[in-house]
Amino acid sequence: MLTDHRAYATIPAADMTRAKAWYKDKLGLSPFREDETGAIYHVGAGTGFLLYPTPNAGKAPNTLMSFGSSDVVADVKDLKRHGVVFEEYDMPGLKTVDSIANMGIYHAAWLRDADGNILAIGDEPN
């Protein structure tokens, strides 16, 4: 029933001013449109996400949004130059080396935004 529908992520923000500044300063993203419901961002290939105000920001223990990459190593290096701090993991089934996990044919890295929401960048599973 939903196979022809576009999908987008919704990312919570406790402080919209701080969150928008982080997305701009660290990821180079600016809102396409803003209103009382939040800020809409457009990113590659016609995709995007909504950053919305809520006191529940940063409470999800899982990845909320992933950015597809054709070169995870280069993207991680570039983001680090912009002050992005990546998560480091060392657990059964998931270990990062220089912030990047090798999971068979896929590679990924995780970071937290200004509210502690978990984002990822990785090879797109096409």
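**Notebook: strands, helices and cores of a predicted chain**

I began with β1 and noted that four of its five residues are buried, which leaves the strand mostly covered. I take buried as under 20% relative accessible area, exposed as over 50% and partly exposed as in between, with a 1.4 Å probe and protein chains only. Helices (H or I, at least four residues) and strands (E, at least two) are DSSP runs, numbered from the N terminus.

The model is predicted, with local features needing pLDDT of at least 70 and side-chain atom pairs counting only at pLDDT 80 or more, while totals for chains, interfaces and linings use all residues. Residues are numbered from 1 along each chain as its sequence is written, and side-chain values use heavy atoms, with hydrogens and water left out.

**Whole chain**

I looked up the secondary structure of the chain and found two helices and ten strands, which run β-α-β-β-β-β-α-β-β-β-β-β from the N terminus on. The radius of gyration is 15 Å, close to the 14 Å that the globule rule gives for 126 residues, so the chain is as compact as a globular protein of that length. For this I took the radius over C-alpha atoms, the rule being 2.2 Å times the number of residues to the power 0.38. The C-alpha trace spans about 40 × 35 × 25 Å along its principal axes, and 35% of the 126 residues count as buried. I also looked at contacts (heavy atoms within 4.5 Å): among those between residues at least 6 apart in sequence, 53% join residues at least 24 apart.

**Four-stranded sheet**

I followed β1 into an open sheet of four strands, ordered β1-β4-β3-β2 with mixed pairing; two strands pair if DSSP finds at least two bridges between them. Why is one side of β1 and of β2 (33-35) left without a neighbour in the sheet? Both stand at the edges, and each has a single partner strand. From one strand to the next the twist averages 20°.

Within this sheet, β1 runs parallel to β4 and is joined to it by five bridges, with Pro12 opposite Tyr52 in β4. By contrast, β2 and β3 pair in the antiparallel sense over three bridges, and Glu34 stands opposite Ala39 in β3. Helix α1 lies across β1, β2, β3 and β4, running at about 150° to β4. For such angles, axes are lines fitted to C-alpha atoms, for helices over the stretch in contact, and the angles run from 0 to 180 degrees between N-to-C directions.

**Six-stranded sheet**

I then traced a second open sheet, of six strands in the order β5-β10-β9-β8-β7-β6, again with mixed pairing. Its edge strands are β5 (63-69) and β6 (90-91), each of which pairs on one side only. Helix α2 (residues 72-81) packs on this sheet, touching β5, β8, β9 and β10 (118-123), and its direction makes about 140° with that of β10. Strands β8 (residues 100-103) and β9 (residues 106-112) run antiparallel and are joined by three bridges; the partner of Asn102 in β9 is His107.

**Nonpolar cores**

A nonpolar core is a set of buried Ala, Val, Leu, Ile, Met, Phe, Trp, Tyr and Cys residues joined through side-chain atoms within 4.5 Å. The largest has 23 residues, of which Ile11, Tyr23, Phe49, Leu51 and Phe86 touch the most other members. The elements giving two or more residues to this core are β1 (9-13), α1 (16-27), β3 (38-42), β4 (48-53), α2, β9 and β10, and the largest share, four residues, comes from α1. Apart from this core lies another, of seven residues, among them Tyr89, Ala101, Ala108 and Trp110.

**Two loop residues**

Is Asn117 buried or exposed? At 1% relative accessibility Asn117 counts as buried, although it is found in the loop between β9 and β10. A polar atom of its side chain lies 2.9 Å from the backbone nitrogen of Gly58. Not counting residues up to four places away in sequence, Asn117 touches Ile11, Pro12, Ala57, Gly58, Leu64, Leu111 and Arg112.

Thr54, in the loop between β4 and β5, counts as buried at 13% relative accessibility. Its side chain reaches the backbone nitrogen of Asn56 at 3.2 Å. With residues up to four places away in sequence not counted, Thr54 touches Pro12, Ala13 and Ala14.

Definitions and conventions: Polar contact = N/O pair within 3.5 Å; in protein donor to acceptor, adjacent residues only side chain to side chain.
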